[in-house]
Amino acid sequence: MTGRARGRDQPAAPTAPSLLEVRNLTTHIRMRQSTVEAVGGISFSIRPGETVGLVGESGSGKSVTALSLMQLLPPNGAVVDGSVVLDGRDLIQCSEAQLRRIRGNEVAMVFQDPMTALNPTMTIGNQIAEPLRIHRGASRREAMDRAAEILTMVGMPRPLERLNAYPHQLSGGLRQRVMIAIALSCEPKLLIADEPTTALDVTIQSQILSLLDELRQRLHMGLLLITHDMGVIAGRADRVLVMYAGRIVEAGETSTLFHRMRHPYTQALLESMPDLETDRSQALYSIPGSPPTLAPPPEACRFAPRCRYAQPRCRLEDPPTLDGETGHPYACFFPVAGPVLPATTPTEAEAASPVPSSTPPPREAAPAVAVAAPAAEVDEAEPPLLVLDEVVKEFPIGKGLLRRQAGSIKAVSGVSLEIARGETFGLVGESGCGKTTLGRLMVAAEPLTSGSIQFAGVDMSRLRGRALRRARRDVQLMFQDPYSSLDPRMRISSTLREPLQAQQIGNRAQQDARIRELLRQVGLAPTAVDLHPHEFSGGQRQRIGFARALTLEPKLVIADEPVSALDVSIQAQVLNVLRSLQEQHDLTYVIISHDLSVVRYLADRIGVMYLGKLVEIGPAAEIYDGPAHPYTAGLLAAVPLPDPERERAKSAAPVEGELPSPADPPSGCRFRTRCPLAQDICAQVEPPLRPFGIPQHTAACHFPLRPPLAAGWSGGSGQPSG
């Protein structure tokens with residue numbers, strides 16, 4: 001191994017003057033009985049007009065780094081060493097009065113959750129105008145005019161109307177645009193975006209990332225893009241910093257880092273991500289263990305306990321930062337040589353020796369959790385487990401003091417669907433399209449407006465009282481947010497025992513045995529029974545939610561966004577558990593998600609939902625290889641790819657605009673207001689579902705992207721005219 005050793009405070013010199021220079025930044029968080037080194041001596045720079053990506057798992061120190069740059073640390077946090085030089089001025093040495101003049105003016109931040117960052121008592125216009133009045137001395141009229149101009153610049157629909165709106169009246173994507181507008185109101189030199197697209201739909205995520213990229217170029221500002229998703233920064237960042245346990249373990253140009261990474265942690269992050277081409281027969285690689293506690297930090301390599309290539313030296317010494325090639329520093333004694341090759345497996349000799357840097361690293365021989373092969377073709381002679389027939393769900397809109405009905409939210413509109421026993425059905429679409437409502441209808445958590453839902457031949461909508469409670473044993477819902485769905489006052493033993501007691505199953509000893517078995521199946525230690533939800537990580541809480549769903553041995557599990565806000569490494573663990581337990585318990589799944597990569601990995605069939613209707617249904621491979629509906633194609637095109645070249649080759653955001661109101665959906669085809677192929681007939685006639693390619697693949701479109709299977713199709717030629 002060759003390489004030039006370099007101190008952590010000596011990053012590669014940029015080719016142009018830097019806007020931001022961070023040197024040996026060290027941040028401590030004081031706890032009651034210890035001090036956590038949240039950031040440990042990191043150095044990097046950002047040039048004007050450059051995007052630098054900062055990636056890593058939750059707890060790696062990314063957000064604390066951002067808060068350290070802005071000097072917005074909590075009262076128990078402090079920068080204890082280093083410098084943060086912005087355009088020639090060290091922010092660490094500035095007084096609080098000086099920092100107030102700099103924040104929002106020269107450097108601004110887009111926070112992860114816009115709903116908690118925005119003031120719920122102030123209108124959007126006033127929140128955007130506030131920094132203009134403080135920093136630029138603008139009058140109220142001037143500030144509001146500028147606010148409208150900025151909202152137009154960030155692509156806000158009907159910007160003049162939005163000035164008087166409040167945050168709760170906007171969708172997640174629009175709230176994020178407001179956050180960006182506030183940050184850009186004074187045209188800062190540096191913008192810090194901390195997880196700006198977490199939990200957003202892929203279409204909205206694509207729009208937000210394209211917007212940030214466009215504004216960065218227009219304003220020639222530096223951008224620090226913080227995320228745990230390698231696909232997000234693949235086509236957006238010029239350089240990437242990989243952070244682990246408070247340290248930058250690797251840095252380099254984006255293409256170099258993705259194709260010739262040197263640190264095993266970078267390699268593992270990429271390998272953990274499912275994409276549209278992931279082999280469903282293989283388990284996802286998941287990084288074992290969890291990041292180390294940093295109170296105090298380990299004296300040896302911080303990644304060694306989780307590294308599949310670690311040697312005794314790694315557990316004794318802290319590796320220096322090496323520079324194998326100019327501008328590509330990494331901190332590892334035994335570097336890898338690029339991504340894992342899918343077909344490689346380690347021999348015993350390779351597993352016992354250091355990995356040479358000149359050869360591709362081996363894949364781990366066996367995953368931590370056994371994963372079954374994808375389900376075989378469904379036996380058509382067996383009746384379906386779940387049948388939805390013209391299901392409709394509308395929520396009334398109240399008006400006035402007496403809350404008289406003034407309309408209705410058309411959440412689900414005439415959905416018909418069959419799901420076979422043992423199948424995994426993926427339900428995808430943007431937020432607000434009705435996916436979660438449909439899932440709640442499947443478990444009889446909401447009454448139907450019309451239609452019917454039959455489970456194992458029984459009409460669930462007709463059941464009441466004890467009969468309904470008994471039927472619900474076989475149909476369970478796994479919630480999107482495990483923290484809010486678990487009672488914070490109850491220990492895990494009580495949480496898992498509750499459904500057994502409600503259904504009067506077993507005595508105390510039998511219930512204890514069932515709880516221990518559930519924890520074993522989802523990969524949690526027996527000691528978890530005595531802990532409360534807040535004592536677990538996000539991935540562990542999701543496993544607890546899954547264990548609770550399995551408590552009554554159901555036949556069908558509805559998993560609503562099971563991995564939407566998890567790190568890629570934790571996401572891989574949960575997905576592997578889902579696949580493994582499906583085989584063990586002969587489960588049928590409905591996976592609700594906006595992440596098409598996750599659904600592609602899990603699902604046998606997929607249904608694409610838009611504004612309360614299913615617009616395309618079919619086998620996963622058929623839909624992903626040849627979508628018929630423009631909306632499906634737009635969703636697929638918006639999926640971030642962990643490949644810089646392919647991601648940058650994409651055009652603008654594939655699905656523009658925002659979802660129409662479900663209280664007043666468009667006439668005819670509901671997607672027509674956002675469809676690039678829409679014509680007059682789309683506004684007049686609602687397209688029916690018709691087969692494409694094979695009878696099991698159906699889509700509802702007048703001008704589909706592929707010719708229909710049936711002949712004599714009226715209502716269009718199959719191709720857009722003009």
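1. A polar contact is here a pair of N or O atoms within 3.5 Å. In this predicted model, N507 caps the N-terminal end of α17, with a side-chain oxygen 3.2 Å from the backbone nitrogen of A509. Just after the helix, G523 adopts a positive phi of about 85 degrees.

2. The length of α17 is consistent with its residue count. Within α17, the buried residues are Q511, R514, I515, L518, L519 and Q521. These cover an arc of only 160 degrees around the axis, so they lie on the same side of α17. A509 and R520, on the other side, are exposed. The partners against which the buried residues pack are α16 (492-502), α18 (538-550) and α19 (568-585).

3. Which cysteine sulfur is closest to that of C675? It belongs to C701, at 5.9 Å, which is too far for a bond, given that a disulfide requires sulfur atoms within 2.5 Å. A search of the whole structure returns zero disulfides.

4. The structure contains 32 salt bridges. One of them joins the side chains of R89 and E106, with an N to O distance of 2.6 Å. R89 belongs to strand β6 (residues 89-90), whereas E106 sits in the loop between α2 (96-102) and β7 (107-110), 17 residues apart. R89 is partly exposed at 35% relative accessible area, while E106 is buried at 14%. Both residues belong to a network of salt bridges that also includes D87 and K189.

5. A salt bridge at 2.8 Å, N to O, connects the side chains of R674 and E430. R674 is in the loop between α23 (644-648) and α24 (680-684) and E430 in the loop between β16 (424-428) and α13 (435-442), so the pair ties together parts 244 residues apart in sequence. Both ends are buried, R674 at 9% relative accessibility and E430 with a relative accessible area of 3%.

6. E686 and K613 also form a salt bridge, their closest N and O atoms being 2.9 Å apart. E686 lies in the loop between α24 and β24 (690-692) and K613 in strand β23 (residues 613-619), a separation of 73 residues. With 44% relative accessibility, E686 counts as partly exposed.

Notes: Residues are numbered from 1 along each chain as its sequence is written. This is a predicted model: local features need pLDDT of at least 70, side-chain atom pairs count only at pLDDT 80 or more; totals for chains, interfaces and linings use all residues. Side-chain values use heavy atoms; hydrogens and water are left out. Buried means under 20% relative accessible area, exposed over 50%, partly exposed in between (1.4 Å probe, protein chains only). Helices (H or I, at least four residues) and strands (E, at least two) are DSSP runs, numbered from the N terminus. The arc is that of the directions from the helix axis to the C-beta atoms. Contact means heavy atoms within 4.5 Å. A polar contact is a pair of N or O atoms within 3.5 Å; within protein, one must be able to donate a hydrogen and the other to accept it, and residues adjacent in sequence count only if both atoms are side-chain atoms. A salt bridge is a side-chain nitrogen of Lys or Arg within 4 Å of a carboxyl oxygen of Asp or Glu.
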